[in-house]
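Please keep the sequence and the structure in view while reading.

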Amino acid sequence: MNDLLEAQVSGKITDERGEPLPGVTVYIKGTSKGAVSDAGGNYRIVVPVGNEVLVFKFVGYKNQEIPVETRRLINVSMEPDATSLNEVAVVAFGTQKKESVVASISTVNVRDVKQAAPRSLTNALAGKVSGLISVQRSGEPGYDDAQFWIRGISTFGAGANPLVLVDGVERPIANIEPEEIETFSVLKDAAATSVYGVRGANGVILVTTRRGLRQKPGISFKMESGTNRPTRLQEYVDGPTWLNLYNEAQLATNPNFVSPYTPEIIAKYGSGEDPYLYPNVDWLDLMMKDHASNQRANLNITGGSEMAKYFVSAGYYQEDGIWKGDNLNTYNTNAKVKRYNFRANIDVNLNKDTELSLGLGGILVTSNYPGTGNGDIWSAIQNNTPIGYSPTYPDPASPGKILYGGITSLINPYAQLTGTGFKTQWRNNIQSDLTLKHDLSRFVKGLNIQGKFAFDGYNYHDINQTRTYLTNSGEVDKYFATGRDENGDLILSRLVTGKADLGFGKTSGGNRRIYIQANIDYNRSFGKHSVKGLLLYNQQDYQNADATDAISSLPFRLQGLVSRLSYGYDNRYFIEVSAGYNGSENFAKGHRYGFFPATAIGWILSEESFFKNTIKGIEYLKLRGSWGIKGNDQIGGRRFAYLTTVAGGNGGYTFGIDANNGFTGRGEDQWGANLTWEKERETDLGIEMRFLRGFNLQADVFKRHREGIFLQRASLPTMLGLQNNPYGNLGEFENKGFETTLEYRARMGNLDISFRGNYTFAKNKLLNTDQPDYTYTYQNRVGKRYNQPFGLVALGLFNDQAEIDNSPVQQFGAVRPGDIKYLDYNNDGVVNSFDAIAIGNPAVPQAIYGFGSTIAYKGFDVSVFFQGNGAASFTLGGSGWYPFAQGGLIGNVNINTLDRWTPEDPRQDALFPRLSFGTNSNNFQSSTWWQRDGSYLRLKTAEIGYTIPKSLTKKLKINTLRVYANGLNLHTWSKFDFWDPELGSANGGAYPIQKTFNFGINLNL
């Protein structure tokens, strides 16, 4: 009976060349029943007898629907999808067919940015796109933006950051709502960025926001709620351990020391019998919560018609800090950030040739912080001990209230957090742009003109209602318990008399930016020839309302011309020449403008007949190369440094009968320089390839040479008699490396699989800093990497006095067994500062990478993404790390101090040398002993979701409904595990980077 109702259909699937096409999904239309073609392109599927239709689907090819009818053998030849071949890429001042792009440009998958998105978009970029090196140094809400560089750091001058443009206008991206983003592109080589002239040397990031579509209104709503907590926190020893280590350090320094902290006294600190006289304070547990909350919501509407299109979005984000309050204040002393986003993009067709586009964006950020800054609170946590005093005492005059504890030599961090008031901030950023496009094809086919005007305003307001808190003075009460009276009540000594009221102060400021652009575009094909051209004029006027003097209040202005000409032949050979001619008001007349040309070529080998007929497995192969010159006008120093300034400091003279008339001398203060911009020459070679039916590869190697870096002369002798050495464009810098991206996409029946990975490596070198040679040239910074650490090479720990006596003399103070032994690098018989050499890596990583996968089956989807870096170092030290370095009862002691050298256990693999009390100049030298590898691998994001079947959602008139859970910074693998290595902190004294867990819902109507 089944044979009458069902039939087997088989066949072979080939590509446009007639080659077998494996992995093609074949399914019965309207059902989930399907099959997948094998390695030979063969498929077999059982279909019901009737009017069934088979659907053939494969990435990069058009879907085909073929009625079965009475056929039992159906062979299919798949056709490439023209839309994918004509896919456009965002380039400087426009778009191009992706196949014709010969510059080095990477794109970020916007879907990846939306997953477990943090408050700052900058923290979602690391490892997501090749060519971008990024680090996050803080997790404090509102102040946790990452630093990022395109292809690493390419200058030691003042401006190494890339140019960031949102909808073509220079704007910050940290607080952009991810749901507003349409595309995110990174322009890297000279062919992509030379048109930006004096602003293009450090690379360019282009973000375009979403615009309307010709469709009925589509409503999308997304809401998330979650918690955040530190990825890792350092640990400190408890009170009894601190005291035992204190006694050990004292005795190691002074064998005759008699400690007041006997075992009996130490036991009282551990028993908790009287926490006010014998405190045992865990400052981190006292001041930090286990977790905090965050929420996010977005509503956007997209739609349009032939006459007009629109996209409107409103977003909300909130994140609480992990500081604890005392619940006694009527105000909040925790960190808290709220953000409100609004965007409206409207496109109106005034007639069939003219389109008017309006973009409006608003970002409002309100935040709250303790009256004392985050850095000061962490410093106080590092400086305090668990046994010095109780953070609070009960107020004998007002039951239920507290008094802040303290001693004369320290600041109470808990009092800083809860007793110094609060600060509120709000930042408003209004963005607007108006664009008019007119198609001139009725006169000249392919020609159009465009004009853009943008006005952005930013302002901030800070209101501080605070009390000052100093070590032995200020406006916060400070008490210390000296004992108990005959009734058992605490005897409190008042060390500082504060005040009840909070002080008041405010600051405000802002800036505004005006941008104007006009351009002519030409895009035309003639048979096998394609031509695309651009002529553009732009200018920018930026004024800072925070200026403190007349010079800095003057507007910062840029003006320029841009040209680009692209030619392609037969979709195989491409050449592009481009140039920017622009300048800045910061330079002298006659020297304000520069010319920045670039050229690039590309060759699509896979379109050659010899390739098509001989190379199997590679569907697409393009080679490209570029060379060009870019500029950077963000050189630092004072404005208009080409002008010589006059000031005092040149002596003077007196005269008169009593020599009571005097005049000070005047003379040249800062010498004017032949000031100009930095100039960079960059060479790039790249390859793009699609192969094995689903893999995509893009790889580049590059070399940058920067010259004209603005610096103060350091090689001039003092005998010249200059009051200040002059500045000049003398610095030189080299940066080179490689980057690659690999992607894979496949569909097998109801299973979708995708993979994406990228790797970036960039190594720089100082070529000229105008510094004279060091006494020993191996200590020269020239020839080394930027911010290369220098230090001594640690050989181990001295075992005994005999080893000390038979080793080179270490000139950093007295040396004892258990102290660090250093290498006498120059073999002069002594170890001193001349033996410091380049050690380890700079703090900014040379390499950064990311990889992840998404798997979807029917309504379920799972995504994971890993991100890491390499070749980065930092050095441990400072208060909270070096135990008892400040003497007295000062300094928290990290729990890793327990791993130390002692006479009873003289281990060479101990983390800490012998303990000492006070400064130990020998052991606290910068050296390989304290340097740590800052590389790590992190499970950056993970998400699992389920899309409710449409058979259920359509009853509620919902198009799609998806529920999901995701997380950010979920787990970190690294050699260093004392705190998060990405902080790069010497002692862990920084607001920790946060891991986040969210639950969310996304529905579309």
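The protein chain contains 13 helices and 54 strands; the model is a predicted one. Its C-alpha trace spans about 105 × 90 × 65 Å along the principal axes.

Side chains of opposite charge can pair when their charged atoms come close. In the whole structure, 62 salt bridges are found.

| Salt bridge | Distance |
|---|---|
| E180 and R343 | 2.9 Å |
| K336 and D320 | 2.6 Å |
| R938 and D980 | 3.0 Å |

E180 forms its salt bridge with R343. Because E180 lies in the loop between β14 and β15 and R343 in strand β20, this pair ties together parts that are 163 residues apart in sequence. E180 is buried, at 2% relative accessible area, and R343 is buried at 2% as well.

K336 pairs with D320 in a salt bridge. Strand β20 holds K336 and strand β19 holds D320, so parts 16 residues apart in sequence are tied together. K336 is partly exposed, at 21%, whereas D320 is buried, at 14%.

R938 and D980 also meet in a salt bridge. R938 belongs to strand β52 and D980 to the loop between β53 and β54, so the pair links parts 42 residues apart in sequence. Both R938 and D980 are buried.

On the surface, E235, D238, D282, D285 and D290 gather in a patch of negative charge. One of these, D238, is in the loop between β17 and α5 and is partly exposed, with 37% relative accessibility.

Key:
Residues numbered from 1 in each chain as written. Predicted model: local features only at pLDDT ≥ 70, side-chain atom pairs only at ≥ 80, totals over all residues. Heavy atoms only, no water. Patch = residues over 30% accessible without salt bridge, like charges linked within 9 Å, V, L, I, M, F, W, Y side chains within 5 Å. Areas by Shrake-Rupley, 256 points an atom, 1.4 Å probe, with all protein chains shown as cover. Salt bridge = Lys/Arg side-chain N within 4 Å of Asp/Glu carboxyl O. Lys, Arg positive; Asp, Glu negative; His and termini not counted. Charge placed at Lys NZ, Arg CZ, Asp CG, Glu CD. Helix = DSSP H or I, 4+ residues; strand = E, 2+ residues; numbered from the N terminus. Buried < 20%, exposed > 50% of the residue type's maximum accessible area, 1.4 Å probe, protein only.
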